[in-house]
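This report describes one protein model for a reader who is new to structural work. Please keep the sequence and the structure in view while reading.

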Amino acid sequence: FSKVCPAQLFSLCRGRQVGAFYFLWPVQSQQIYGDKNPTTAGYVEEAPLFDLVKRMEGCGIPTRYPHPATLWRTLCSKDWVP
């Protein structure tokens with residue numbers, strides 16, 4: 001995700017409304033289920049994804065799905081659990 005330039009993406013946007021949709025699943029480590037086969041569809045490392053999301057939001061492209069970066073990070077890390 002480090003090669004993505006949010007400023008360049010924003011300059012390409014022509015619509016009145018701009019937003020980013022991330023259909024990815026941030027994980028802290030590789031998920032393994034069943035017969036020890038890694039299930040990787042949609043899974044990405046958490047840190048690089050949230051870095052990208054914060055850069056995109058900082059450049060003026062708000063996150064529309066699933067949540068803004070700060071809330072999404074809190075929910076994924078389970079910091080909200082007492």
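A polar contact is a pair of N or O atoms within 3.5 Å, and within protein one of them must be able to donate a hydrogen and the other to accept it. In this predicted model, the side chains of T63 and E57 are joined by such a polar contact, at 2.7 Å.

**Overall organisation**

The protein contains three helices and six strands. Read from the N terminus, its elements follow the order α-β-β-β-β-β-α-β-α. Of the 82 residues in the protein, 22% are buried. Among contacts with a separation of 6 or more, 57% are between residues 24 or more positions apart.

**Strand β6**

Strand β6 covers residues 63-65, and T63 lies in it. T63 has a relative accessible area of 8%, and therefore T63 is buried, since buried means under 20%. When residues up to four places away in sequence are not counted, T63 touches A20, Y22, V53, E57 and P68. One of these, E57, is also the partner of T63 in the polar contact described above.

R64 is likewise placed in strand β6. Leaving aside neighbours within four places in sequence, R64 is in contact with V18, G19, A20 and F21. R64 and F21 are 43 residues apart along the chain, yet their C-alpha atoms are separated by 5.7 Å.

**A nonpolar surface patch**

F21, F23 and Y65 make a nonpolar surface patch of about 380 Å². Within this group, F23 is found in the loop between β1 (20-21) and β2 (25-27). F23 counts as exposed because its relative accessibility is 62%, and exposed means over 50%.

C59 is accordingly in no disulfide, and the structure holds zero disulfides.

| Residue | Relative accessible area | Class |
|---|---|---|
| T63 | 8% | buried |
| C59 | 26% | partly exposed |
| C5 | 36% | partly exposed |
| F23 | 62% | exposed |

Terms used
Residues are numbered from 1 along each chain as its sequence is written. This is a predicted model: local features need pLDDT of at least 70, side-chain atom pairs count only at pLDDT 80 or more; totals for chains, interfaces and linings use all residues. Side-chain values use heavy atoms; hydrogens and water are left out. Patches are made of residues with over 30% relative accessible area and no salt bridge: like charges are joined within 9 Å, nonpolar side chains (Val, Leu, Ile, Met, Phe, Trp, Tyr) within 5 Å. Accessible areas come from the Shrake-Rupley method with a 1.4 Å probe; for residues, only the protein chains shown count as cover. A salt bridge is a side-chain nitrogen of Lys or Arg within 4 Å of a carboxyl oxygen of Asp or Glu. Helices (H or I, at least four residues) and strands (E, at least two) are DSSP runs, numbered from the N terminus. Buried means under 20% relative accessible area, exposed over 50%, partly exposed in between (1.4 Å probe, protein chains only). Contact means heavy atoms within 4.5 Å. A disulfide is a pair of cysteine sulfur atoms within 2.5 Å.
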